[in-house]
Each structure stands twice: as structure tokens, then as C-alpha cells.
Amino acid sequence: MQVKDIISILDLKIFGGNQGLEREISGGYTSDLLSDVMGHADSGKVWITLQTHKNVIAIASLKELAAVILIKGLEPDADMLAQAEEEGIAVLGSNEQAFEVTGKLFNLLTR
Amino acid sequence: MQFEYSIEAGNFTKAGDASSSFKKILKQLNVDPQIIKRIVVSLYEGEVNIVAHANGGKVICEVDPSRVYIQLIDKGPGIPDIPKAMQAGYSTASAKVREMGFGAGMGLQNIKNNADELIINSEVGVGTKLEIIVNLPHS
């Protein structure tokens with residue numbers, strides 16, 4: 001499954017980083033602690049978080065994550081979005097909370 | 001081969017730049033992707049520590065056929081109790097840094113888990129030097 005395939009099913013908004021929409025998804029990782037993601041998220045995971053700053057993209061890029069989903073209607077900071085465009089990592093948004101988004105993505109990837 | 005990067009104190013917008021540059025070099029050198037991952041985690045955590053805690057510093061990365069040797073050298077404030085700093089969950093990060101999702105006391109653990117060797121030398125009021133070694137298998 002690719003990043004673009006989850007957009008409509010999870011009712012996600014695309015903030016930017018559209019070049020990353022064709023990345024393959026291997027799973028998900030839900031965390032707001034950056035070192036937790038750095039230490040434990042594998043490449044190809046979709047990162048579900050409430051963090052909206054540029055360092056999220058630095059980590060997503062270094063870890064070769066598939067995409068970032070911001071929860072609860074949060075919007076990325078301008079420099080986060082600019083970095084996402086540069087790195088080609090899609091930044092998506094949901095109005096739901098981490099629990100719901102994680103559950104839906106889990107079901108989608110394991111069904 | 002040696003590569004040097006300077007790290008600005010408090011500038012989180014540049015945190016990860018050295019790791020990103022060095023990752024590209026390692027890819028060009030055809031280092032095993034699994035080993036690159038371990039080096040990148042270790043280097044990034046060390047880089048963020050300098051941004052968050054020190055008054056700036058530098059990173060020197062050396063690559064030879066048998067290993068990658070990274071030195072992270074910063075200017076102050078130093079670590080008074082290294083065993084305590086090594087404890088998972090222990091952090092002296094500011095509230096602002098924690099709000100960003102850093103400062104969870106996981107950084108040094110991440111380095112320890114990913115490096116083959118981690119050596120920390122620190123002098124309070126002077127600075128800290130981290131030495132990270134990741135071995136490269138014979139190819």
C-alpha cells in the first residue's frame with residue numbers, strides 16, 4: 001500500500017510533500033517523543049503525532065519514514081512544511097485523535 | 001576520510017543537518033544500509049544533545065574500512081553525574097525542549113543501543129566529549 005492509498009480511506013488532508021505520496025507503507029508508529037521515534041520506528045512507517053515542528057521532518061527523513069500524519073486538526077509549522085517539500089515526505093492531517101487514526105490505519109494495513 | 005560539522009547552540013531548526021550530510025556520504029560510500037541506520041541514530045542523538053544542552057560544539061566523523069569513529073565535542077556545561085545521565089528517562093532538558101518532544105531521557109540510551117562503543121568524558125564548566133564507534137564488517 002502506498003501513502004496516496006490511505007488518504008481518502010482515512011479522510012486525510014494533504015498539507016504538502018506530495019512527491020512522497022507514492023512511498024510504500026510498511027506500518028505505523030504513534031509517538032510524540034522524538035527520541036522514541038528515532039530509536040524505534042523502522043523505515044516505511046507512517047508516523048502519527050501531534051508535533052508540528054521542523055524536527056519531525058528531519059527525523060522522518062533520517063529514518064526514511066513513509067509519511068507523517070498530524071492529529072486533532074493540527075497544522076504543520078511553515079518551516080516543517082518547507083522541509084517536507086524539500087525532502088519529499090508527505091505531511092497529512094486528520095481531525096481525529098491519535099487513538100482513532102492509529103486504529104484505522106492498523107485495521108487498514110492488517111486486514 | 002574525515003568530515004567536520006559545527007553545531008549551533010539552541011538552534012533546533014538546524015538540528016539533524018550534520019546527521020543528514022553524513023548519511024549521504026555513507027550512502028555514497030556504499031556502507032550497509034542497516035549500519036547506516038545505526039550510525040544515523042547515534043549521530044542525531046549526539047547532535048541534538050549539543051543543540052539542547054551545550055554552548056555549541058562540533059562533530060568530527062571519520063570513516064575507515066573497518067569502522068566509523070565519531071567525536072562530538074561541545075563547550076559546556078558538562079555532565080556532573082554520567083551514570084545518572086545514562087539512566088533511561090533521566091533528563092535535564094528545559095520545559096521548552098520537552099514540549100518539542102525532545103528531552104525524554106532516551107538519547108544516550110539510543111546511542112548506547114546503536115553504537116558498538118560509546119565513551120563519554122565530561123568536565124563540568126568545560127564541556128563534554130562523546131566518542132562513538134560503529135564497526136564496519138569486512139566485505
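Visitor: What pattern does chain B follow along the sequence?
Guide: Helices (H or I, at least four residues) and strands (E, at least two) are DSSP runs, numbered from the N terminus. Read along the sequence, chain B runs β-α-α-β-β-α-α-α-β-β.

Visitor: What is the radius of gyration of chain B?
Guide: The radius is taken over C-alpha atoms, and the globule rule is 2.2 Å times the number of residues to the power 0.38. For 139 residues that rule gives 14 Å. Chain B comes close to it, so it is as compact as a globular protein of that length. Its radius of gyration is 14 Å.

Visitor: How far can these values be taken?
Guide: This is a predicted model, where local features need pLDDT of at least 70, side-chain atom pairs count only at pLDDT 80 or more, and totals for chains, interfaces and linings use all residues. Residues are numbered from 1 along each chain as its sequence is written, with chains lettered from A and ligands numbered from 1 in the order written.

Visitor: Which residues of helix H4 in chain A are buried?
Guide: Buried means 20 or more other C-beta atoms within 10 Å of a residue's own, exposed 12 or fewer, partly exposed in between, with C-beta atoms placed from the backbone. H4(A) spans residues 78-87. The buried ones are Met80(A), Gln83(A) and Ala84(A).

Visitor: Within what arc do the buried residues of H4(A) fall?
Guide: The arc is that of the directions from the helix axis to the C-beta atoms. The buried residues line one face of H4(A), because they fall within 105 degrees. On the other side, Ala78(A) and Glu86(A) are exposed.
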